[in-house]
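Student: Please pick one part of this model, the packing of its helices and sheets, and go through it closely. I would like the connections between elements spelled out.

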Amino acid sequence: MRVAITDRGKAASTLFKLLGAGVVAGLVVALIALPAVGSAGLTARDAANNFDDMDSQLKTTPPSEKTVMYSADGKQVATFFDKYRESVRLDQVTPIMRNAMIDIEDSRFYEHGALDLKGTIRALASNVESEQTQGGSTLTQQYVKNLLVDSARTQEDYREATAPTVGRKLRELRFALDIEQRMTKDQILEGYLNIAYFGAGAYGVQAAAKRYFSVPASKLSLGQAALLAGITQNPTAYDPIRNPKDARHRRDIVLYRMVQLNHITKAQADEEAAKPIQLNRTDPVGGCQSSKAPYFCEYVKYDMLNILSDGKYWSLEPKQQQNIVNELNRGGYTIRTTLDTQDQRAVDQTLRSSVAPGGNRVAAQAMVEPGTGKIKAIGVSKRFGPGKGRTTINLPADFHHGGGNGVSAGSTFKVFTLAAAIEQGIPVSTTIHSPQTATVGGFQPCRYTGTWQGKKYENDMVGGGAPWTVSNAGDSEQGNFNLKTGTWHSVNTFYAYLEKRVGVCNAVKMAEKFGMKMGNGNALLPTPSQVLGVNDVDMVHLAAAYAGFAARGKYCAPLSVTEVVDPQGKKLKLPKQDCHQALDEDVADKVNSILEGVLTKGTAAGLGLGRPAAGKTGTCEEFTCAVFAGFTPNLASAVAYWDFRGPWQYKVYGIYGATIPGPLWRTSMQRALSGEPAPGFRTPSRDFGDTTRVPDVKGQSVAAAKAKLAGADLQAKVASGSVDSDKPRGTVVSTSPDAGTEVPPGTTIILYVSNGKKPARGHGRPSGDWPPWGG
């Protein structure tokens, strides 16, 4: 809307002079009624002297425009607005509504000009006698104020349009005088009814009628009209949705004011006042709730708020934050995002068909593109929005993107200790005896800045201390393991010992290189148990970290917005994305080759995608949640499963990373990658100490020997026939290669088994292959 009133300074001046002393008296009344404004305000004499010189042309910017969000392929994702408005003609507003509005706001509207001196004096007298104040502004002045407020685009504009100063009052009056000359009373009333705010995001009487009662303004009843007319004085206080008691009291004031003015009878007022407020709401369509990708939309929304505030949104005061929200809703921006509609559909279909949307247990997932950090999809098994069985918390995201504190990462966090170990040159073949339960001490503390359990730390030493007792989860094993097998089988005790060698501080630094932080924004707590994922994180950042490994060690921070254009076609400056080489390419390639084995030989065996893929299961402490994170060279994803009422109060007993999150990851990734290329991972070009020593399995049963060899990343094959030996029948006599021999991982070791017959002296011969050291 643009209101342009031609300057008729002479005519307005003449009008002012004709009003004479009475108008001056009105100005003085206004001055008295307003609070003191100090040296910045105008005196009454200055106001009278300068009134003629004021600009009488009211100029407002175009009305608030909706902001529109688009996916990467140009499909509309969501619209943002805060002024739910639908303008109508005056004859489309029921007469009872018109009467109710005039009666309560400006009963002499059709009798006075821009200034109602009588009404102003009456309001002043009432204010002196009562603690409750009455306004003296005419409906025309209120119309002007609403026009100015609607056109405010900055905090300064808004303050100027609402400031309790003499200057503002006089400026409104000056514009109102000219409007009264250019518009009829019915035109002014129509304009006011269309621009006034009626609470709950409804601007204008038509929007309010539909918002609260689901009827057009032409069908409003007496009680409905009285309720709406009462709201405009204080839309927050008299919002019938949030404050029905106060709204009802205000409605009744309107009804009996209409009785005083003989527009309805007392019997009609009594009848309506006896009724409780009855709403039949229609929520306006807009925002993320109406989006087909609501959780992704929420993520973008907060990124936009940060963009519009130059990265300062979370450090602003609440009122300043609201101004930024208003800018998003009113600014008319075009937002281009990274959303891939196929990936989003894959996530939504998979999660909601596998996890009951109305249940307390939830699955949350994020997909990120390796090498770019572009967020391709964000989804939750629950529907987005208020109400039973839904949620407005962006569960896959961190706090600063509408989420909570996150959930435990479980053993998916072991990848960072693995990467740090390989980077330090610890050979992959390094074997560590890893029992079911171990107590490991000697961890060194690390410097930490952040907040933990309500206590603030500033570069303080944290961690170390007493020995840490750790046990293996039910989905892992015990025995001798190296960096490959310990990862494949997710052996907690193995990683506790490996973390001691690597150093907690170094493991945490590696995680931080890949963008990891706690879901609440704090730095990772550097305690020994961090290797098991005890720091709560969000799935978007976990997926982005794994995308960094998929991109051969190049980490890119999560990215949701690629372009923002204002209504004039100007592109907004976007924050510079953090993309850096977090890990040497060869080291990352080695990590990836190990993680491939998780899907073929480890805890996630059978969850492959039918194309090159890698991943890691995560079972959270005491079954508080379960997680799976994995990737192909062109897409990474992380899935978490837990009870959103509280993971510690409501545990998911018996659920591991491979039982629910893993299959969800597999199905959604297959759907998302359907029709996409299937590139393979790079083979490491360096030797990372992959050779391993053949363990001594002599005298063991075949089953025990095979298990021990598997723990050393070796294959086993029983030789045909058997060997004459004094060892018990069915036990291993020897191996080929022999125990202690250095061999590449995956080498097949031949087992020679005793038949229990003692060999003849000097003539001991095997009944099968020979010699036992050959092959």
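Tutor: A crossing is called left-handed if the near helix is turned anticlockwise from the far one by less than a right angle, and right-handed if clockwise. The model is predicted, with local features needing pLDDT of at least 70, side-chain atom pairs counting only at pLDDT 80 or more, and totals for chains, interfaces and linings using all residues. Residues are numbered from 1 along each chain as its sequence is written, and side-chain values use heavy atoms, with hydrogens and water left out.

Helix H5 (residues 139-151) packs on helix H7 (residues 166-182) at an angle of about 110°, and their axes are 9 Å apart (helices are DSSP runs of H or I with at least four residues, strands are E runs of at least two, and both are numbered from the N terminus; axes are lines fitted to C-alpha atoms, for helices over the stretch in contact, and angles run from 0 to 180 degrees between N-to-C directions). H5 and H7 are therefore roughly perpendicular to each other (65 to 115 degrees; under 35 counts as roughly parallel, over 145 as roughly antiparallel, and the rest as oblique). The crossing of H5 past H7 is right-handed. On the H5 side, the contact (heavy atoms within 4.5 Å) is made by Thr 140, Gln 141, Tyr 143, Val 144, Lys 145 and Leu 148; H7 supplies Arg 168, Glu 172, Leu 173, Phe 175, Ala 176, Ile 179 and Glu 180. By class, the contact of H5 with H7 has 7 nonpolar, 2 polar and 4 charged residues (Ala, Val, Leu, Ile, Met, Phe, Trp, Tyr, Cys and Pro count as nonpolar, Asp, Glu, Lys and Arg as charged, and the others, Gly among them, as polar).

Helix H3 (residues 95-105) and H8 pack at about 90°, with axes 12 Å apart. H3 and H8 are therefore roughly perpendicular to each other. Arg 98, Met 101, Ile 102 and Glu 105 of H3 meet Leu 189, Tyr 192 and Leu 193 of H8. That contact of H3 with H8 comprises 5 nonpolar, no polar and 2 charged residues. In the loop between helix H8 (185-195) and strand E4 (202-203) sits Ala 200, whose phi is near 55°, a positive value in a residue other than glycine.

Helix H16 (residues 414-423) packs on helix H21 (residues 585-600) at about 130°, with the axes 10 Å apart. H16 and H21 are therefore oblique to each other, and H16 passes H21 in a right-handed crossing. Val 415, Leu 418, Ala 419, Ile 422 and Glu 423 of H16 meet Val 587, Lys 590, Val 591, Ile 594 and Leu 595 of H21. The residues in the contact of H16 with H21 are 8 nonpolar, no polar and 2 charged.

Now the sheets. An open sheet of 5 strands runs in the order E7-E6-E23-E22-E21, with antiparallel pairing (two strands pair if DSSP finds at least two bridges between them). Strands E7 (375-380) and E21 (614-619) stand at the edges with a single partner strand each, so one side of each is left without a neighbour in the sheet. On average, neighbouring strands of this sheet are turned by 10° against each other, direction ignored. E21 is joined to the antiparallel strand E22 (residues 626-632) by 6 bridges, and Gly 615 has Gly 630 in E22 as its bridge partner. The loop between E21 and E22 holds Glu 622, which has a positive phi of about 55° although it is not a glycine. Helix H22 (residues 661-672) lies across strand E6 (361-368), E21, E22 and strand E23 (635-643), and runs at about 30° to E22.

A further open sheet has 3 strands in the order E25-E28-E26, with mixed pairing. Strands E25 (715-718) and E26 (732-736) are at its edges with a single partner strand each, so one side of each is left without a neighbour in the sheet. The twist averages 30° from one strand to the next. E25 pairs with strand E28 (residues 748-753) in the parallel sense over 4 bridges; Lys 717 has Ile 750 in E28 as its bridge partner. Helix H23 (residues 702-711) lies across E25, E26 and E28, at about 160° to E28. The peptide bond between Ser 736 and Pro 737 is cis, with omega about -5°, and Pro 737 is in the loop between E26 and strand E27 (742-743).
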